[in-house]
Amino acid sequence: MCEDVSLAQLAASEGTPLYVYSAGIVTARYRAMDDAFRGYPHALHYAMKANSTLSIARLLRSLGAGADANSGGEIDVALRAGFIPEQIVFTGVGKTPAELAQAIDLGVKTINAESEGELDRIDRLARERGTRARVALRVNPDIDARSHPHISTGLKANKFGVPADAVRDICRRFAGREGLEFTGLHTHVGSQITDVDPLKRAAATVVALAKELRDDGIAIDHLDVGGGLGVSYDGSEVPSAEDYAEALLPVVRESGLSLILEPGRNIIAPAGVLLSYVVDVKDRPDGKAFVILDAGMTELMRPMLYGAFHRIEPVLCTSGPEIVADIVGPLCETSDTLGKDRRLGRPQPGDLFAVLDAGAYGAVMASNYNRRPMPAEVLVDGGRWSVIRRRQTIDDLLALES
Ligand SMILES: Cc1ncc(COP(=O)(O)O)c(C=O)c1O
């Protein structure tokens with residue numbers, strides 16, 4: 001079940017592969033994070049990159065979230081979901097001049113600037129428009145987030161931000177620029193972080209830098225400590241939103257600056273499943289088997305991209321003898337493996353499986369490889385559900401081609 005709705009019925013009605021999200025879980029997780037920081041001035045800017053399906057973004061907005069957009073496209077979607085520019089922070093390591101101009105013209109809350117070159121471009125674009133752009137400088141604190149290297153962003157070898165020891169000098173040089181209004185400092189050390197220590201150390205770095213800026217007469221009003229708090233994909237214990245706040249608040253409090261957080265995965269990952277039918281079961285010479293699903297790397301890239309683990313469960317109990325199998329997708333790539341060496345009751349073609357905790361970095365990373373139309377998405381709320389993104393058709397795909 002997803003809330004009061006049967007997953008088997010949803011799959012029968014809408015077909016597979018199918019993403020199903022629980023509005024109740026999104027709401028509960030957003031509120032848990034918001035509550036954890038109660039009593040300290042803060043704003044949660046939901047990281048659109050985790051899942052920006054319009055109805056999901058709208059739901060988060062209705063709960064009181066702001067948005068963290070990572071591209072001009074995500075800014076557009078945020079606006080169409082009803083966020084106003086003052087609720088949007090704009091992050092991204094390679095913002096184009098057109099994207100910067102879009103953000104400046106809109107007057108977004110803050111542009112998180114990634115380099116001196118970008119500060120320079122923002123200044124020029126703002127002056128050309130006779131305005132001042134609100135900017136925060138992204139700090140790379142050289143902290144190991146102890147997450148997968150592909151989603152760690154806070155080491156000096158990573159492409160993000162400017163080194164902590166360069167921040168003071170950069171701010172001194174740029175603070176007087178006519179087109180810039182320095183409003184904050186930003187950092188984000190990675191995603192799927194399951195130890196609060198790196199998050200706390202990153203916050204301590206920006207707090208210390210904020211003090212230096214104050215000594216230099218540069219008055220900022222917020223610290224943006226990014227997202228990154230992980231979730232449990234395998235059932236093991238991970239820090240809660242309360243643990244996160246307990247780690248961060250004592251560090252941040254002395255600064256007196258308001259806090260921006262950019263949670264994505266923590267809110268949306270556990271709220272989604274990917275439903276998929278078994279297409280075939282193939283025995284292997286080594287005694288193991290392949291369970292071939294109708295969903296694969298085109299629907300959920302994470303296992304192939306970062307070796308990510310997702311629990312994959314039968315929606316109805318299967319009674320076949322236990323087997324050890326690789327659960328794979330239908331694509332012409334050996335890497336198209338959703339789960340390796342899984343023990344499960346031998347399924348039959350036509351059995352339905354759910355890939356759990358697939359709400360974040362799932363649908364947003366879907367592709368049309370092998371000319372596969374993108375999956376449909378359903379949002380469940382109590383006993384009601386609706387298709388929030390219809391399944392793509394071959395006609396949709398070919399509409400762009402001559
Ligand atoms: C700048 C920034 N903020 C927020 C996030 C969201 O991270 P998460 O989904 O781990 O909370 C990301 C993702 O990596 C990011 O790059």
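**Talking through a predicted model**

Me: Is A208 buried or exposed, or something in between?
Reply: A208 counts as partly exposed, because its relative accessibility is 42%, and please keep in mind that we are looking at a predicted model.

Me: Where does A208 sit, then?
Reply: A208 is found in helix α8, which covers residues 196-215.

Me: Changing topic, how many salt bridges does the structure hold?
Reply: The structure holds 26 salt bridges, and one of the pairs is R129 with D105, whose side chains meet with an N to O distance of 2.6 Å.

Me: What about R372, which residue does it pair with?
Reply: R372 forms a salt bridge with E299, and the closest N and O atoms of the pair are 3.0 Å apart. R372 is in the loop between β16 (352-355) and β17 (376-381), and E299 is in the loop between β12 (289-293) and α11 (302-306), so the pair ties together parts that are 73 residues apart in sequence.

Me: Are R372 and E299 buried or exposed?
Reply: R372 counts as buried, because its relative accessibility of 17% falls under the 20% cut-off, and E299 is buried too, with a relative accessible area of 2%.

Me: And R343 with E322, what holds for that pair?
Reply: The side chains of R343 and E322 meet in a salt bridge, at 3.2 Å from N to O. This pair links distant parts of the chain, with R343 in strand β15 and E322 in strand β14 (residues 322-328), 21 residues apart. R343 is exposed, with a relative accessible area of 61%, and E322 is exposed as well, with 59%.

Me: Which residues are linked in a network of salt bridges?
Reply: D120, D123, R127 and R177 are linked in such a network.

Me: OK, now the backbone: which peptide bond is cis near P17?
Reply: The bond from T16 to P17 is cis, with omega near -5°, and P17 lies in the loop between α1 (7-14) and β1 (18-22).

Me: Why would anyone point that out?
Reply: Most peptide bonds are trans, and most residues other than glycine have a negative phi.

Me: So what is phi for D142 and D341?
Reply: D142 has a positive phi, near 55°, and D341 has a positive phi as well, near 50°. D142 sits in the loop between β6 (133-140) and β7 (162-163), whereas D341 lies in strand β15 (residues 337-345). D142 counts as partly exposed at 36% relative accessibility, and D341 is partly exposed with a relative accessible area of 41%.

Me: What kinds of residues make up the lining of the largest pocket?
Reply: The lining divides into 7 nonpolar, 15 polar and 7 charged residues.

Technical notes: Residues numbered from 1 in each chain as written. Predicted model: local features only at pLDDT ≥ 70, side-chain atom pairs only at ≥ 80, totals over all residues. Heavy atoms only, no water. Nonpolar A, V, L, I, M, F, W, Y, C, P; charged D, E, K, R; others polar. Helix = DSSP H or I, 4+ residues; strand = E, 2+ residues; numbered from the N terminus. Buried < 20%, exposed > 50% of the residue type's maximum accessible area, 1.4 Å probe, protein only. Salt bridge = Lys/Arg side-chain N within 4 Å of Asp/Glu carboxyl O.
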